[in-house]
Amino acid sequence: DVFSGQKTTVFETMSIMAAERPGGCCNLGQGFPDNELEGPEGMKQAATAAMLPPNSNQYPPMMGLPELRQAVAAHSGRHAGLPVDWQRETLVTVGATEALAAAFLALLNAGDEVIFFEPLYDSYVPMARRAGAVPRIVQLHPPSWSIDAAELEAAFSPRTRLLVLNTPHNPTGKVFNQQELELLAALCQHHDCLCLLDEVYEHLVFPGGAPHVSLRSLPGMADRCLRIGSAGKTFSFTAWKVGWLTGPADMVAAVAKAHQFITFTVPSAMQVSQPGRGACQQRAVAHGLEHEQSFYSGLGPLLQRKRQLLAGQLQQLGFSVLPADGTYFLVADFGGLLPAGSTEDDVAFCQRLVRDAGVALIPASAFYADKATAPRTLVRFVFCKTDEKLQAAVDALRSYL
Ligand code: PMP
Ligand code: GLN
C-alpha cells in the first residue's frame with residue numbers, strides 16, 4: 001500500500017487545529033478565499049437554483065456539460081492563445097485534483113519517470129507513485145526559486161515520460177519566466193516527454209510581474225501538453241470542485257478513460273451558463289468563464305495589494321519575505337526570529353504558533369517529498385482574506401512574538 005506512510009494532508013490537519021483552538025484562531029494555512037473574494041453572486045444563484053426543476057438531478061455527460069466544455073475551449077483560446085476543439089480537446093473533472101490523478105493513472109506505466117519541481121503540491125508524488133511511476137525531483141532554489149539548468153538536464157533519462165509544471169506556483173508564488181519555459185520546452189522535445197501543466201492559478205498574477213505564459217503555447221509543445229484549470233481558483237469557489245483539462249485529443253481521450261472509472265462525471269449542479277436556465281454549477285462555471293472575465297482579471301491586482309499589506313508587516317516583525325509574482329501564497333523565513341542556537345524547525349514553529357499565538361500557517365517542508373532535504377525555517381501564509389483578518393493575524397503574531 002503506497003499510501004500507508006501518508007499522513008492526513010497538512011491542509012486538513014492545520015484547518016482542524018485552527019477550528020478547534022479554544023479562543024479562536026486566524027487561519028492563514030489552507031488556501032481558501034474569504035467571502036469578499038468569492039465569485040459573482042449570479043453564479044451562486046445559478047448553482048443554487050439548479051436542483052429544483054424537474055429532471056435536473058441526473059447524470060450529466062461523462063465528459064462534462066457541452067456548455068461548460070465550450071466555455072472552457074473559448075477561455076483557452078482567449079487567455080492562453082490556445083484554441084481547442086471543445087468536443088475532442090476538453091474534459092471537465094472534479095477539481096484539478098481529479099484531473100491530476102486521472103492524468104497520472106492514464107499516462108504513466110510502471111517504471112516511467114516523472115519530473116517534478118520541488119517544493120511541490122502534496123498530491124503529486126503519492127499519486128504518481130500509485131500509478132507505478134518513479135519521481136525525479138528537481139529543486140527550485142530559494143530565495144528566487146530559480147532552476148539550475150544542469151540539475152534539470154540531469155533529471156531527464158530515456159525513461160522520462162512526463163514533466164509536471166505548476167505555474168503560477170504553490171507554495172512559492174513563482175511565475176516561470178519565458179527563458180525558463182524555453183529551457184523546459186527544449187528539454188521536453190529533446191527527450192520526447194509529455195507535460196502536465198497545473199495552471200490553476202493562471203489568473204492570479206500580479207501587475208508588473210512576470211506574466212503567466214503556458215508552456216503549451218511554446219513552439220512544438222501543443223501536441224505534448226495537457227493544461228489543467230480550476231473554478232476553485234478562477235472564481236474562488238474551492239468547494240465547487242469543478243476543474244477542467246485541455247490538450248491534444250489523444251491525451252484528453254486517454255485521461256477521459258481514467259475519469260470515467262474514477263468519478264465518471266462532475267456534479268451537474270456545479271457546471272451552466274445562464275442563471276435561471278434550469279441547470280447547475282457546471283453551467284454556472286460556464287457562465288462565469290464567458291461573462292465574468294472582469295471578476296477573475298481583477299484578482300491579480302487585488303491580491304497584490306493584500307500581499308503588500310501582509311509582507312510589509314511581517315518584515316517589521318522580523319520575518320524575511322521571499323519574492324513572488326502571483327498566487328495567494330507568501331513564503332517567509334522565520335529564522336531571524338529564533339533565539340541563537342535554536343533548532344526549532346518549521347513544523348514545530350507552526351505548531352507553536354497555532355497553539356500559542358492563534359495563527360495557523362503551513363510549514364514549507366509539507367511541500368517536499370523528502371523532508372530531510374527541505375528548508376527548515378520557511379512557512380507559507382495565505383493572504384486571500386479580508387484586510388481585517390490579515391491585520392488580526394499580524395496583531396496576534398506581534399503580541400506573541
Ligand atoms: N494544484 C495546485 C497547485 C493547487 O494548489 C490545488 C489546490 N488548491 C489544486 C491543484 C487542486 O485544485 P482543486 O481544488 O480544483 O481540486
Ligand atoms: N490547495 C490548497 C492549498 O494549497 C489546499 C487544498 C487542500 O486542502 N487539499 O492550501
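Reader: How do you know which residues surround ligand 1?
Author: A residue counts as near a molecule if its C-beta atom, placed from the backbone, lies within 6 Å of it. In this predicted model, 13 residues surround ligand 1, and the closest are Gly95, Ala96, Thr97, Asn170 and Ser230. Residues are numbered from 1 along each chain as its sequence is written, and chains are lettered from A and ligands numbered from 1 in the order in which they are written. Local features need pLDDT of at least 70 and side-chain atom pairs count only at pLDDT 80 or more, while totals for chains, interfaces and linings use all residues.

Reader: What makes up the shell around ligand 1, by class?
Author: Nine residues are polar, three nonpolar and one charged. Ala, Val, Leu, Ile, Met, Phe, Trp, Tyr, Cys and Pro count as nonpolar, Asp, Glu, Lys and Arg as charged, and the others, Gly among them, as polar.

Reader: Why are helix 2 and helix 11 called roughly antiparallel?
Author: Their axes, lines fitted to C-alpha atoms over the stretch in contact, lie 8 Å apart at about 155°. Angles run from 0 to 180 degrees between N-to-C directions, and those over 145 count as roughly antiparallel. Helix 2 and helix 11 are therefore roughly antiparallel to each other.

Reader: Which residues make the contact of these helices?
Author: Met43, Ala46 and Ala47 of helix 2 meet Gln281, Arg283, Ala284, His287 and Gly288 of helix 11. Contact requires C-beta atoms, placed from the backbone, within 7 Å. Helices here are DSSP runs (H or I, at least four residues), numbered from the N terminus.

Definitions and conventions. Helices (H or I, at least four residues) and strands (E, at least two) are DSSP runs, numbered from the N terminus. Angles under 35 degrees count as roughly parallel, over 145 as roughly antiparallel, 65 to 115 as roughly perpendicular and the rest as oblique. Two residues are in contact if their C-beta atoms, placed from the backbone, lie within 7 Å.
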